[in-house]
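Open the structure in your viewer and keep the selection tool at hand.

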Amino acid sequence: MHESVIALGIVCEIDKHVKSSGPPARIRVVLGELQNVDEVVLGEYMKMYLEEQGLSEVDYVFEWEKARFRCSACGYEWSLDELGLTDSERESIHFLPEAVYAIVKCPKCGSRVYDVLSGRGVRIVIEEKAR
Amino acid sequence: MILDPRVESAKHQLRSVRAVYPVMSVKGGVGKSTLTVMLSLALRELGFRVGVLDTDLSNPSLHYLYGLEQRKVDVEEDEGYVPPLVHDGIRLSSPVIFTEGGILPARDKDSVNAVLELLAITNWRDVDVVLIDTPPGIHDEQLRLLKLMSGVHTGISRPVIVTTPFKVSLANVSRSLDYINSLHKGEKILVINKHRGSDELSMQASFKCVLRVPWDERLDERLVSLEELLQSKAYAELRRQVHSGKDCFF
């Protein structure tokens, strides 16, 4: 499963941070809508890896971030809701979010030159304890 | 603080890989992709299980050279995805697997993101060495890849710089060495492709070894299949040099 290696990466980063700076006040794992990971599966793998690292007490929350795009040619902004992606296209983007550029065109002008403004992939946001 | 889990994921995927060779060129058209394929075949013939990663997002071509475009690829999921076998003992990871053969017109940070993502999702199980075919030029993408490799791979990491024997090409390599050295302190390999006659190489000492692949007027015709490529004069000579100078790679 793709989620297992993402979970492993997240837990390794948390582990490094806890070892170097101690437990943070809060950990947010931000999940980009474009990559569309399975939150339940990711959570199960994270639980397993956190236990293996002796980090069971570490608390975190998942937060979803909407995917937004802006066309460089006409300036139009859109979201995934406007696109009728097939299951196969979603699966490709799940593995490689940049595959979106080969699959999706601007819904207004058809340009393939656009930016992903938000909601690309997975990132970890560490909020430190107040000193 | 924002952390990116993909660096650790990439480290995990490369944990059992003995050596990584980013194949780079200062200019396009020097035969870098064909050379990557020939190196994979020569290393395979030495008994190594070889992984090849195509990071030329806007012009991926390795799938053509390995004949992958002729068949549908089913993605095998296992801690990411296991790249398909394209020849006995050789696996290819390419963006085209996720773009149905199309190019990936990603720009700037998107290119870097895509390469990091490919490194994070590609499960190099059963692979001893990985060749990374990079886009031509010494730009941000290539330099970031070198920097990234030093962070995610603990084994041998040795850039292979491909050039032609022409004075201008060799001068371009010489000028770029400072940039490459600033991000990769370790040893490098130089391949002079399309070699004819002799050359006056003043920078030999900058490389662990220099391979010279002869000009092969029939090479283009041989690119129709790996079996044909294996019969080429260029491959025979590259294979001889790789096999007689194994310490160049290890």
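**Stop 1: charges of chain A**

Select the charged side chains of chain A: 16 are positive and 23 negative, and the centres of the two sets lie 6 Å apart. Lys and Arg count as positive and Asp and Glu as negative, while His and the chain ends are not counted. Each charge is placed at NZ of Lys, CZ of Arg, CG of Asp or CD of Glu.

This is a predicted model, in which local features need pLDDT of at least 70 and side-chain atom pairs count only at pLDDT 80 or more, while totals for chains, interfaces and linings use all residues. Residues are numbered from 1 along each chain as its sequence is written, chains are lettered from A and ligands numbered from 1 in the order in which they are written, and side-chain values use heavy atoms, with hydrogens and water left out.

**Stop 2: the fold of chain A**

Switch to a cartoon view of chain A, which has 4 helices and 6 strands. Starting at the N terminus, the order is α-β-α-β-β-β-α-α-β-β. Helices (H or I, at least four residues) and strands (E, at least two) are DSSP runs, numbered from the N terminus. The C-alpha trace of chain A spans about 50 × 35 × 20 Å along its principal axes. Of its 131 residues, 50% count as buried. Buried means under 20% relative accessible area, exposed over 50%, and partly exposed in between (1.4 Å probe, protein chains only).

**Stop 3: chain B**

Now select chain B, with 10 helices and 12 strands. Its C-alpha trace spans about 50 × 40 × 35 Å along the principal axes. Chain B has 250 residues, of which 58% count as buried.

**Stop 4: the cysteines**

How many disulfides does a search of the whole structure find? The search finds 1 over all chains. A disulfide is a covalent bond between the sulfur atoms of two cysteines; here the test is a pair of cysteine sulfur atoms within 2.5 Å. Select Cys209(B) and Cys248(B), whose sulfur atoms are 1.7 Å apart. Cys209(B) lies in strand 12 (residues 209–214) of chain B and Cys248(B) in the segment after helix 10 (233–244), so the pair ties together parts that are 39 residues apart in sequence. Cys209(B) is buried at 15% relative accessible area, and Cys248(B) is buried at 3%.

Go back to chain A and select Cys106(A) and Cys74(A). The sulfur of Cys106(A) has its closest cysteine sulfur in Cys74(A), 3.8 Å away, which is too far for a bond. Cys106(A) is buried, at 3% relative accessibility. Finish at Cys12(A), which is partly exposed at 24%.
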